[in-house]
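Reader: I have a structure open and some questions about it. Can we go through a few side chains and helix contacts?
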Amino acid sequence: MEIQLWRSMLCPYETAVRELIVKFEQIREEHKNNDLYSPIEQVTGRVKTVSSILEKMQRKQIPLSNMEELVEDIAGIRLICQFEEDIEVVSAMIKKRSDMVLKLEKDYLTHIKQSGYRSYHMIVYYTVETIDGPKRLQVEIQIRTMAMNFWATIEHSLQYKYRGDIPEHVADRLCNAADAIISLDREMSSVRNEIMDAQISSLFQSNLVRDILNNIECMYRQTSKREIQKIQMEFLRIYNTKDIRQLEHFHHQLDILAEGYQAQSL
C-alpha cells in the first residue's frame, strides 16, 4: 500500500482517538466539577504505526483486504484507574453510552496471561464523520490500574528489546513482579474508602477556593479597592484555619454579596 493510502486509511482512526480522549476527559471533569470521585484517573490514546500493523498482520496471517475487520486495535484508548474496583465501574459506563457499541470484552484480570499481564480490554464500534460520510471503526479500550500499567509498560519494553523472546530468568522475575502488583492493588483496595474520602474532601475545598476567587475577581469591577482588600484578607484568614465549614459559609456569604453587586449594576 502506498504511503498516501496508508495516511488516508489511518486518518479516521486518528480522529476517533482524539474525539474519545476528549470524551473520557470530559467524564473526569464532570466528576471533579461536581465534587465526585472520578473512577478514571488518566486518559491516553494512540493509533498503531504502519510497521506495527504490518507486523501484526504478518504474525496472524491477515490479508490486506481484511485488515480493518481483523486488526481490532488500530485505534487504542487507555484508561488508568486508581483502584481495581474502578475498572468495573468504567466498563459499565462505556456499555451504557450511546456513541459506542460493544463488540467484545477480554478479561485479563480473571484470566491472567502467562506472562503475568493483567488488564481489561473492550473492543467497541465508534463512528466518525469523514469527507466521504460516516465511518464505523473498531477501537480497543484498555482499562487498568496505575500499578498494572507500570508493569505492562516495563513488559512491553522488554518484549521490544528481546523481540518477543524474553529470556527465562527475566520472564520469571516479571512473573514475580506481577504477583507483587496484585498484592499492591489489593492493599490499596483495602484502604480505598479512606483514600476516596480524602480526595473528595480535597477536591471539594479546591472547587470552593476556585469559586471564591472567581467571585472576588468579578467583584473588582463593581466595588471599591478597599472593600475588595477586606474580602481578600477575610478569605485568607479563613483559608489558613483549614476549616472547611467556615470556608463553605464564606463562599455562601460571598455569593450573596456578589449577587447584590450585580443587581446594583443592572
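Reader: Is R192 buried or exposed?
Author: This is a predicted model. In it, R192 is buried, because its relative accessible area is 17% and the cut-off for buried is under 20%.
Reader: Where does R192 sit, and what does R192 touch?
Author: R192 lies in helix α7. Leaving aside residues up to four places away in sequence, R192 touches Y37, F83, E85 and D86.
Reader: Which residue forms a salt bridge with R192?
Author: D86 does, with the closest N and O atoms 2.9 Å apart. The pair links distant parts of the chain, as D86 is in helix α4 (residues 84–96), 106 residues from R192.
Reader: And D86, buried or exposed?
Author: D86 is buried, with a relative accessible area of 0%.
Reader: How many salt bridges are there in the whole structure?
Author: A search finds 15. One of them joins K56 and D73, with the closest N and O atoms 3.0 Å apart. Both K56 and D73 are buried.
Reader: Changing topic. At what angle do α6 and α7 pack?
Author: At about 65°, with the axes 5 Å apart. M188, S189 and S190 of α6 meet R192, E194 and I195 of α7. By class, that contact has two nonpolar, two polar and two charged residues.
Reader: What about V191, where is that?
Author: V191 is in the loop between α6 and α7. V191 counts as partly exposed, because its relative accessibility is 34%. With L184 and M188, V191 forms a nonpolar surface patch of about 210 Å² of accessible area together.

Conventions: Residues numbered from 1 in each chain as written. Predicted model: local features only at pLDDT ≥ 70, side-chain atom pairs only at ≥ 80, totals over all residues. Heavy atoms only, no water. Axes fitted to C-alpha atoms, helices over the stretch in contact; angles between N-to-C directions. Helix = DSSP H or I, 4+ residues; strand = E, 2+ residues; numbered from the N terminus. Contact = heavy atoms within 4.5 Å. Nonpolar A, V, L, I, M, F, W, Y, C, P; charged D, E, K, R; others polar. Patch = residues over 30% accessible without salt bridge, like charges linked within 9 Å, V, L, I, M, F, W, Y side chains within 5 Å. Areas by Shrake-Rupley, 256 points an atom, 1.4 Å probe, with all protein chains shown as cover. Salt bridge = Lys/Arg side-chain N within 4 Å of Asp/Glu carboxyl O. Buried < 20%, exposed > 50% of the residue type's maximum accessible area, 1.4 Å probe, protein only.
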